[in-house]
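Trainee: Could you walk me through how to read a structure like this, feature by feature?

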Amino acid sequence: MKYLKTLVAFSTFFLLAFCIPNHAIYGQTNNTAVSMDLKQNIQLQTGSDQIKGTIYDDNEKGAVAYTLVVKNQKDTLLKKSVILNQAFTAKLSRSLRKNDQITVSLQDKSGHAVANTKWMKQAQWQVVNKSKEKIKTSNWSNVFKNSRTAPKKYRVVQAPDTGMSYLKKPKYTAAKSKFSTLQANDRSVSPIKGYQTALLLPTVSTKLVNWQLPQGSVMHGRYLYVMYESEKRKNYGRIGRYDIQQLQTLGVWQTGQADRLRSLEKRINQNRFATTNDDRLLQAIKIGPEFHMGHGQAVAYNAQDNHLWLVTLAKKITPATSCQN
């Protein structure tokens, strides 16, 4: 009888051990979970000691717990048990600072990493270095002197009536449907009829870019170039380049996502750390250096030398930096 009880107990233990996979037991796996992305939904913000989010693993269906470790270089700010695919909230040992170099990692009970360690950096626009090449504003007309077209060769066409007016400011609203719509406010001269856009660009101006004051734009290939005049420094500005093909690949044109760049700029202005999705969007946008451009009203792209040319109003002859693709 004693032998039978021992056999039954051993059989039960063997059955349980066989049915429960090793990786479903806390701290019993040393295999790297390559399907995890620790930056995907981790929320961190400068000036705050709060961390929240969800660590997803599509291959795991059970309630599996691991230790989330947050460090600033060698200084540990958090060690907390989290369950995969379940939302969590925790407090760090201190508030995050602007120059912190944050890493997040996931460990089993023995301290072995089960997912690749990820760097967390603040979400910031990509700003390219200032170009060394300069062109005098007084010489810009030379580009066109040998390529002027006689007036008789132009064909004048009547632009369609959109209902838009330059006399009053319109109001932008981000729609939840397939496209975002441009709606008239109380001060508009006439209602705006059927104007739709698949993409809403940033609008909240900062010290870096005066997003509220675009002066001109041009499309070339996969890129949209928009010229922004500085609000603080007269006759200066920057050019932003949007990779339209990459933005389409990331689904910005999909239903209800036309305002994703507005959400991104909000995260940047709030000094939040970049998630994986933030990083992907930021790779599609580059901000050019500030340069003297006058009060630009039109932009053209020269495909032969990959230069942007601006038709500008400038009272003083000032050397201006050319903008290259």
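Mentor: Gladly; we will go from the whole chain to its strands, a helix, a pocket and a few backbone angles. Keep in mind that this is a predicted model.

Trainee: Let's begin with the overview. How many helices and strands does the chain have?

Mentor: The secondary structure comes to 4 helices and 21 strands. Buried residues make up 38% of the 325 residues. The chain exposes about 20800 Å², with carbon and sulfur atoms supplying 50% of it. Among contacts with a separation of 6 or more, 59% are between residues 24 or more positions apart.

Trainee: Now the strands. What is the general idea behind pairing?

Mentor: Strands of a sheet pair through backbone hydrogen bonds, in either a parallel or an antiparallel way. Here, an open sheet of 3 strands runs in the order 1-2-5 with antiparallel pairing. Strand 1 (42-43) and strand 5 (88-91) are its edge strands, each pairing on one side only.

Trainee: How many bridges join strand 2 to strand 5?

Mentor: Strand 2 (residues 50-53) is joined to strand 5 by 4 bridges.

Trainee: Which strands pair with strand 15?

Mentor: Take them in turn. Strand 14 (residues 223-229) pairs with strand 15 in the antiparallel sense over 7 bridges, and tyrosine 225 stands opposite arginine 241 of strand 15. These two strands form a hairpin with 6 residues between them. Strand 15 is also joined to strand 16 by 3 antiparallel bridges, with glycine 240 opposite isoleucine 287. Strand 17 (residues 291-292) pairs with strand 15 over 2 bridges, again antiparallel; there, histidine 292 is the bridge partner of tyrosine 236.

Trainee: Can we look at one residue of helix 4? Is aspartate 278 buried or exposed?

Mentor: Aspartate 278 sits in helix 4. It counts as buried because its relative accessible area is 6%, and the cut-off is under 20%. Leaving out residues up to four places away in sequence, aspartate 278 touches Leu264, Arg267 and Phe273. The C-alpha atoms of aspartate 278 and leucine 261 are separated by 9.4 Å, with the two residues 17 apart along the chain.

Trainee: What about pockets?

Mentor: Rolling a probe the size of a water molecule over the atoms shows where empty space is left. In this model, the second largest pocket holds about 340 Å³ of space. It is lined by 17 residues, and those closest to its centre are Met120, Lys121, Gln122, Ala123 and Gln124. Strand 7 (113-120) and helix 4 (276-282) are the elements that give two or more residues to this lining. By type, the lining divides into 7 nonpolar, 5 polar and 5 charged residues.

Trainee: Finally, where should I look for positive phi angles?

Mentor: Most residues other than glycine have a negative phi. Glutamine 73 has a positive phi near 55 degrees; it lies in the loop between strand 3 (65-72) and strand 4 (75-83), and at 51% relative accessibility it counts as exposed. Asparagine 85, with a positive phi of about 65 degrees, is in the loop between strand 4 and strand 5 and is partly exposed at 29%. Asparagine 235, in the turn of the hairpin of strand 14 and strand 15, has a positive phi of about 70 degrees. Just after helix 3, asparagine 271 takes a positive phi of about 60 degrees.

Definitions and conventions
Residues are numbered from 1 along each chain as its sequence is written. This is a predicted model: local features need pLDDT of at least 70, side-chain atom pairs count only at pLDDT 80 or more; totals for chains, interfaces and linings use all residues. Side-chain values use heavy atoms; hydrogens and water are left out. Two strands pair if DSSP finds at least two bridges between them. Buried means under 20% relative accessible area, exposed over 50%, partly exposed in between (1.4 Å probe, protein chains only). Contact means heavy atoms within 4.5 Å. Accessible areas come from the Shrake-Rupley method with a 1.4 Å probe; for residues, only the protein chains shown count as cover. On a 1 Å grid over the protein atoms alone, a cavity is a set of points where a 1.4 Å probe fits but cannot get out, and a pocket is an open set with protein on both sides within 12 Å along at least five of seven lines; lining residues have an atom within 4 Å of a point. Grid points are joined across faces, edges and corners, and a volume is the space filled by probe spheres set on the points. Ala, Val, Leu, Ile, Met, Phe, Trp, Tyr, Cys and Pro count as nonpolar, Asp, Glu, Lys and Arg as charged, and the others, Gly among them, as polar.
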